[in-house]
Amino acid sequence: MKKPKIAITTGDPSGIGPEIACRLASELDGSEEYDAVFISYENVIKSAFENIIKAPMPEMTIIEPDEKLDLKIEHGLIKPEYGKASMLYVEKAVQMAMSGEVDAVVTCPINKASIKAGGYNYPGHTEFLGYLTRTRYFSMLMVGKNIRTVLATTHVPMAELVDKLDENSIMNAIVNAHEAGQFFCGKRQPKIAVCGLNPHAGDNGALGDEEITLITPVIDIARAGGMDVEGPFPADSLFPKAAKGEYDFVVVMYHDQGLIPVKLEAFGNAVNVTLNLPIIRTSVDHGTAFEIAGKGIADHHSLIRAIDVAVEMVKNAQSA
């Protein structure tokens with residue numbers, strides 16, 4: 001089987017993305033299960049090797065965006081040109097994935113304030129990827145060691161959560177978890193658990209009725225459609241079972257309900273995956289870390305893990 005080709009975007013030039021990408025590049029020796037293509041400006045890569053890693057730049061494939069920017073690298077700063085550069089990297093990587101030039105895209109972190117200053121009105125990578133691929137019903141999947149959580153809602157303030165959570169958002173998460181089985185479960189059907197919204201999953205309506213009126217009917221429809229899905233369960237008792245591998249995916253109702261258990265299990269090695277895109281995309285589980293950018297102490301193991309998950313997804317999709 002041909003090695004998967006993975007496009008790696010280096011993220012915000014002012015953050016730790018270029019450093020972790022270059023640390024990865026310095027370790028590549030050709031024995032990997034994949035071929036790496038780095039989407040960045042060459043001067044950003046050179047600056048990281050010269051000023052942060054303090055080592056010669058190895059032979060590596062660098063693809064620059066079509067639009068050229070003259071970037072002066074200063075670490076830990078929010079600048080429009082840095083935000084624009086990071087999004088141009090993503091555009092180029094997605095273009096290559098859509099045309100079949102690469103098999104998957106792995107992204108280093110961007111900064112939300114910088115991309116907004118650069119003219120991009122998106123909350124983050126996920127929504128921008130949806131726009132680029134003309135995909136509406138995408139979902140965020142967080143991959144830990146044994147726990148994989150699919151979010152019914154993402155960056156929603158708690159005060160607005162109940163209004164944002166509806167049948168469509170829950171069903172979308174369940175369906176995308178089911179379809180993600182091809183990337184993680186081979187040819188077998190994935191086993192999915194669904195969290196309740198309220199403490200103790202509502203305790204039969206005593207602590208809220210969303211489990212009865214909203215979540216359970218959606219689960220019933222999904223099961224009638226042939227999906228292996230159970231719930232709603234109280235989150236506190238469900239995640240110990242998920243950590244033991246009893247479920248392939250857990251559908252959660254809100255951001256922290258899904259991210260806290262994953263990061264407790266695999267902090268620094270968790271992976272963010274965008275489901276239901278026409279391309280495979282994974283990402284590191286951390287931000288730009290401006291406070292340590294340029295200091296030469298960034299850890300690149302989350303990037304390694306994100307690439308490993310992308311390679312796993314490519315291979316499983318090919319075999320399935």
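User: How do the residues lining the second largest pocket divide into nonpolar, polar and charged?
Analyst: They divide into 6 nonpolar, 11 polar and 5 charged, where Ala, Val, Leu, Ile, Met, Phe, Trp, Tyr, Cys and Pro count as nonpolar, Asp, Glu, Lys and Arg as charged, and the others, Gly among them, as polar. This is a predicted model, in which local features need pLDDT of at least 70 and side-chain atom pairs pLDDT 80 or more, while totals for chains, interfaces and linings use all residues. Residues are numbered from 1 along each chain as its sequence is written, and side-chain values use heavy atoms, without hydrogens and water.

User: What is the volume of that second largest pocket, and which residues lie nearest its centre?
Analyst: The second largest pocket has a volume of about 390 Å³, and of its 22 lining residues Lys112, His155, Asn272, Val284 and His286 lie nearest the centre. Two or more lining residues each come from H5, S5, helix H11 (255–266) and strand S11 (281–284), the helices being DSSP runs (H or I) of at least four residues and the strands (E) of at least two.

User: And how much space lies in the largest pocket?
Analyst: The largest pocket holds about 560 Å³, and among its 21 lining residues Arg136, Phe138, Ala152, Ser169 and Asn172 are the closest to its centre. Helix H5 (125–132), strand S5 (139–143) and helix H7 (167–179) each give two or more residues to this lining, which divides into 8 nonpolar, 9 polar and 4 charged residues.

User: Switching topic, how many cavities of 30 Å³ or more turn up?
Analyst: A search of the whole structure finds 1 cavity of 30 Å³ or more, and about 40 Å³ of space lies in the largest cavity. On a 1 Å grid, a 1.4 Å probe fits in a cavity but cannot get out, whereas a pocket is open with protein on both sides within 12 Å along at least five of seven lines, and lining residues have an atom within 4 Å of a point.

User: Which residues line that largest cavity?
Analyst: Its lining is made of Pro13, Gly15, Pro18, Val44, Ser47, Ala48, Ile52, Ile73 and His75, and the largest share, 4 residues, comes from helix H2 (residues 42–53). By class, the lining of this cavity has 6 nonpolar, 3 polar and no charged residues.

User: Last one: which residues make the contact of H1 with H12?
Analyst: The axes of helix H1 (residues 17–27) and helix H12 (residues 301–319) come within 9 Å and cross at roughly 70°, the axes being lines fitted to C-alpha atoms over the stretch in contact, with angles from 0 to 180 degrees between N-to-C directions. Ile20, Ala21, Leu24 and Glu27 of H1 and Leu303, Ile304 and Ile307 of H12 make the contact (heavy atoms within 4.5 Å), and these residues divide into 6 nonpolar, no polar and 1 charged.

Methods:
Grid points are joined across faces, edges and corners, and a volume is the space filled by probe spheres set on the points.
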